[in-house]
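Hi,

Here is the structure I said I would pass on.

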Amino acid sequence: EGEALEVMESPLKPEPGNSLTALPQLEILLIDDDVELVAFLKESLEKQSYYVRIALSAERGLKVFYESKPDMILLDIVLPDKSGIEVLDQIIVKAKKERIPILIVSGEKSKAVQLKAYSMGVMDYVSKPIDIELLLALIRNRFEMKREWQESIIVDELTGAFNRKHFNQTMKQLISDFKRTGRVFSLALMDLDHFKRVNDLYGHLVGDEVLQTFADIVRRSIRVEDTFCRFGGEEFALFLPNTDVASAAVVIERIQEAFAALPFRAKNERFQVTFSGGITEVTEAEQQADKLVEQADQALYASKHAGRNQTTL
Ligand code: GH3
Ligand code: MG
Ligand code: MG
Ligand code: MG
């Protein structure tokens, strides 16, 4: 078994790329003692660009599960050392919490075992002999569901901008990139001007529409590598990688112009809305998340103080 494992062991997974937009390779853990089937699955899955890890026993499977954080598990029931149900019992809580789909792929067809697996929270029980096309389609759908869920927890419902959770993740990533490679980035905060008035004069729903329109304008004005977040309420943040404050200011001022020119309508009135901006750039001296936000916030405050609808560096 040890030899087979070595022969089949996949090469080391490549380091995740620097780019925030690059999709990481999805990793699938196969826990199955049928060496021929495992070899066939590995080849088929690798053709679909999945990264495959193999465990020919339950113990090995548990070890790899805890060490390598797979994105999905294909689990056999009849294994040499323990049953797949016992494996399931040890991993299901963590797998559910982290939304790691577990597909049972087994020759064990007894209804009792299938019911047991389903009752433990397994979504898919596939019987051997497998049809590889159907299995690949199922895997694709499970990953798609997972991707939609992952997206849904980092996006603000009203505006479609990323939420605070993603703001924090992006900040962490960009700071670590900066420390490693010296790649600079700018952070811009944008706060709508006298927004309370919009709500007071035209109602909360109109206020919501203004926020949505603002988000649309920003998205249309930025590059794919920029990250646009709702920081809270009517305050938004924009990360601009590889951009110094001066270039970031050009972007923000362009958005300011476009937004201020929009004619909003409500209660038979036309009105305009503006926003103020504050920009800061990561530097050797300042590379802490809190510090960067504080600086951008101070710049934003200066814009407000100077009369709003402007940007301060
Ligand atoms: P300033 O120019 O100084 O920023 O004034 P302001 O009125 O924009 O600032 P203030 O912080 O006093 O008010 C912000 C308002 O934004 C109050 C709050 O009710 C409103 N707001 C926050 N989130 C939402 C939202 O999701 N929808 C709507 N309609 N209003 C919101
Ligand atoms: Mg087996
Ligand atoms: Mg405001
Ligand atoms: Mg505010």
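**What I found**

Arginine 99 sits in the loop between α4 and β4 (102-106); helices here are DSSP runs of H or I with at least four residues, strands are runs of E with at least two, and both are numbered from the N terminus. Its phi is near 55°, a positive value in a residue other than glycine.

Before going on, the housekeeping. This is a predicted model, where local features need pLDDT of at least 70 and side-chain atom pairs count only at pLDDT 80 or more, while totals for chains, interfaces and linings use all residues. Residues are numbered from 1 along each chain as its sequence is written, and chains are lettered from A and ligands numbered from 1 in the order in which they are written.

You'll find arginine 308 in the loop between α11 (289-305) and β12 (311-312). Arginine 308 is partly exposed, with 14 other C-beta atoms within 10 Å. Then there is a cis peptide bond, running from lysine 128 to proline 129 with omega near 0°. Proline 129 belongs to the loop between β5 (124-127) and α6 (132-152). As background, most residues other than glycine have a negative phi, and most peptide bonds are trans.

**The loop between β2 and α3**

Leucine 56 is in the loop between β2 (51-55) and α3, and leucine 56 is buried, with 23 other C-beta atoms within 10 Å. Serine 57 pairs up in space with aspartate 32: 6.5 Å from C-alpha to C-alpha, at 25 residues apart in sequence.

**Helix packing**

How do α3 and α4 cross? The axes of α3 (residues 58-68) and α4 (residues 84-97) come within 10 Å and cross at roughly 15°; axes are lines fitted to C-alpha atoms, for helices over the stretch in contact, and angles run from 0 to 180 degrees between N-to-C directions. That makes α3 roughly parallel to α4 (under 35 degrees is roughly parallel, over 145 roughly antiparallel, 65 to 115 roughly perpendicular, and the rest oblique). The contact uses Ala58, Gly61, Leu62 and Phe65 of α3 and Glu86, Val87, Gln90 and Ile91 of α4, where contact means C-beta atoms, placed from the backbone, within 7 Å. By class, that is five nonpolar, two polar and one charged residues; Ala, Val, Leu, Ile, Met, Phe, Trp, Tyr, Cys and Pro count as nonpolar, Asp, Glu, Lys and Arg as charged, and the others, Gly among them, as polar.

Next, α8 and α9 pack at about 135°, with axes 7 Å apart, which makes α8 oblique to α9. From α8, Phe195, Val198, Asn199 and Tyr202 meet His204, Val206, Gly207 and Val210 of α9. The classes in this contact are five nonpolar, three polar and no charged residues.

α9 also packs with α10 (residues 245-260), at an angle of about 135° and with axes 10 Å apart, so α9 and α10 are oblique to each other. Here Phe214, Ile217, Val218 and Ser221 of α9 touch Val251, Arg254, Ile255, Ala258 and Phe259 of α10. Those residues divide into seven nonpolar, one polar and one charged.

**Around ligand 1**

Which residues come nearest to ligand 1? Of the 16 around it, they are Asp193, Phe195, Lys196, Gly207 and Gly233, where near means a C-beta atom, placed from the backbone, within 6 Å. β6 (185-192), α8 (195-202) and α9 (204-221) each supply at least two residues of the shell, and α9 gives the largest share, four residues. By class, the shell has four nonpolar, five polar and seven charged residues.

Cheers

Definitions and conventions
Two residues are in contact if their C-beta atoms, placed from the backbone, lie within 7 Å. A residue is buried if 20 or more other C-beta atoms lie within 10 Å of its own, exposed if 12 or fewer, and partly exposed in between; C-beta atoms are placed from the backbone.
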